[in-house]
Amino acid sequence: MSSGWKYKFWLVLASLCLGCYLLLPTLLGTEAKRDALEAAGEAVPWYFELLPRHGLKLGLDLQGGIYVELEVNLQDALRRKTDLFVNELSRQLEEQDKAFAPVSLTQTTPGQVEITFPSEAALAALESLRDKSRDYRRTCNLQRLDTPDTTTPDAPATQPKARLALSKEYLDTINDGVVAQATESVRNRINRYGVGEPDIRRQGADRIAIELPGLKDPDRALDLIKRTGQLELRLVHEVSSAAALKAQQDKLSVQIAEARKSQNIPNDDFRAETVAKLQEALRTDLPPNSQLAFELIRDRVTKKVMGGIPYLIEDRAHVTGDMLEDALVQVEQNEPKVAFTFNKTGAKIFGDLTKENVGHYLAILLDGTVMSAPVIRTAITGGSGIIELGSGDYDTKTQEARDLTLVLQEGALPATLTEATKTVVGPSLGADLIRQGFRATTVAALAVIIFMIIYYAWSGVLADFAVALNVLLLLAILALFDATLTLPGIAGIVLTIGMAVDANVLVHERVREELRAGRAPKVAVQLGYSNAKRAIIDANLTTLIAGIFLYQFGTGPIKGFAVTLCVGILTTLFTAVFATEAVYEYIFASRKVEKLSI
């Protein structure tokens, strides 16, 4: 028998006390009380600071909430990335010589652009630029579409064209990066929203699975999550006076009204898919390289969309939120606004854009909706701008400005998100599951406790203590590491209880065998533990390996089950092998035992 029984005994006692301390917030409900006091602006009692801030966290299936899968619009992101790629390419050509600047750029499909050049030399300049750059050779392919007829003197002059297509490897990299960036942006927004223990993970090639347990206002959370926050600056198409803008909008209004009537689209429907449908319906009527966008008019009280002011904007974004450096709420003349600042690259492009288009209208779009369209009165070289908010009272606009600033600061989503699936789990269902799980676990535990006491007498009581300590430590470790207890996790706990009982039975049977062989109680316990340890460790070690692989490759419920299984195996080894032996050593060291009750 080890002479260090005192250290073992105090270690078991310390683990018992620590386990109880870590679970106090769960047992006393101090976490919910603290949150309620802080939300109400009231003082938190001093003794709350002595306790851990967080208790055991319950999963979506136990406390209710929502599960939603958001689909990432990769085509939308790819179109925007292509715009930026071509803009950068055009800028480099323009830096060489104005004569090399493309006449027109038309994105036929996401990832493909048809370019018209003013001369053969301009096209040759692009080909030379691509051939000299390893990055361009890797990311895009360039194909001539036609060649000017120079052999026939009377042939009409034609401008050379080429098709620039992003390579498959680059497209795959963009798509993978977009989904990863969208997942991280969603995670940041949810963390800022204050949802406890969310589960956000990538699901397949283009989806994000989100579990938000215990959410009181799921609609507001989803609205905040799905807001793309994509800032774009686009020129209003060939308009340089208020009269021309008014005439253009009047003409658009008539065309849009006819399109809505022919396609049975309600007049107050301005969703993104509706705007795309109107755009397609008016495709032949709209000038090339232009598209529709609306500035929404909302009711001041209900916030319901009452109408929209149409704008004809260029289909190419010159500056986007990718170049945003900072955003903050600013109040001018008692009007809350959002001020933004671009980074060095964005400031340079923004400065050039405003310098070359003084007198034109510049539309500031957020998530495809025109927020404002001011006239460029002078070149803006500071790289900053203002987003004006819609109608509403001061408090409402201030809250809207704060939400918008939060979205912009956290980073725009690289693509729009749409709900693919959504499941709402009510808190009553979670309460029912907890009640049923608790009842089943209690009944099973009582049956085991009674059986162990009947079959092993006082040694059975010690085994029951070990199993109880096992469950206590398991839950405490889950609380310590902010792990989430789910319904599959409860199944893992039940399995752990069974394995813990099995380990104790194995030890007690080995001790019984030694007693039947005529060993003294102290020697029988020593030999019994020595013989049983290897079998217990071997059996639990193989299960632990399986649990680790389950956690590594599993998702959702499987991962929850694996967590409790792995933690339960470690606590089982501690309680069934270490803790009970320490108690026996304490008993044999503190008194003379002639007969063991087992």
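These legends describe close-up views of a predicted model.

**View 1. Glu232 in strand E9.**
Strand E9 runs over residues 231-235 and contains Glu232. The relative accessibility of Glu232 is 6%, so this residue counts as buried. Its side chain makes a polar contact with the side chain of Arg234, at 3.1 Å. Residues up to four places away in sequence aside, Glu232 is in contact with Arg80, Ala317, Val319, Thr320, Ala363, Ile364 and Leu365.

Cys17 is partly exposed, because its relative accessibility is 49%. Cys20 is also partly exposed, with a relative accessible area of 37%.

**View 2. The second largest pocket and its lining.**
The space in this second largest pocket amounts to about 1100 Å³. Its lining is made up of 33 residues, and those nearest the centre of the pocket are Asn87, Glu94, Arg316, His318 and Glu356. Two or more lining residues come from each of helix H4 (74-96), strand E3 (104-109) and helix H11 (344-356). Helix H4 gives the largest share of the lining of the second largest pocket, with eight residues. By residue class, the lining holds twelve nonpolar, twelve charged and nine polar residues.

**View 3. Asn264, a loop residue with positive phi.**
Asn264 lies in the loop that connects helix H9 (242-263) with helix H10 (272-281). Its phi is near 55 degrees, which is a positive value in a residue other than glycine. Asn264 counts as exposed, because its relative accessibility is 68%.

**View 4. Ala457, a helix residue with positive phi.**
Ala457 is placed in helix H13, which covers residues 427-480. Phi of Ala457 is near 55 degrees, a positive value although the residue is not glycine. With a relative accessible area of 30%, Ala457 is partly exposed.

**View 5. His508 in helix H14.**
Helix H14, residues 487-516, includes His508. His508 has a relative accessibility of 2% and so counts as buried. Neighbours within four places in sequence left aside, His508 touches Met452, Tyr456, Ser459, Ala463, Tyr584 and Ile598. Between His508 and Tyr529, which are 21 residues apart in sequence, the C-alpha to C-alpha distance is 8.4 Å.

Key: Residues numbered from 1 in each chain as written. Predicted model: local features only at pLDDT ≥ 70, side-chain atom pairs only at ≥ 80, totals over all residues. Heavy atoms only, no water. Helix = DSSP H or I, 4+ residues; strand = E, 2+ residues; numbered from the N terminus. Buried < 20%, exposed > 50% of the residue type's maximum accessible area, 1.4 Å probe, protein only. Polar contact = N/O pair within 3.5 Å; in protein donor to acceptor, adjacent residues only side chain to side chain. Contact = heavy atoms within 4.5 Å. 1 Å grid on protein atoms, 1.4 Å probe; cavity = no way out; pocket = protein on both sides within 12 Å on 5 of 7 lines; lining within 4 Å. Points joined across faces, edges and corners; volume = space filled by probe spheres on them. Nonpolar A, V, L, I, M, F, W, Y, C, P; charged D, E, K, R; others polar.
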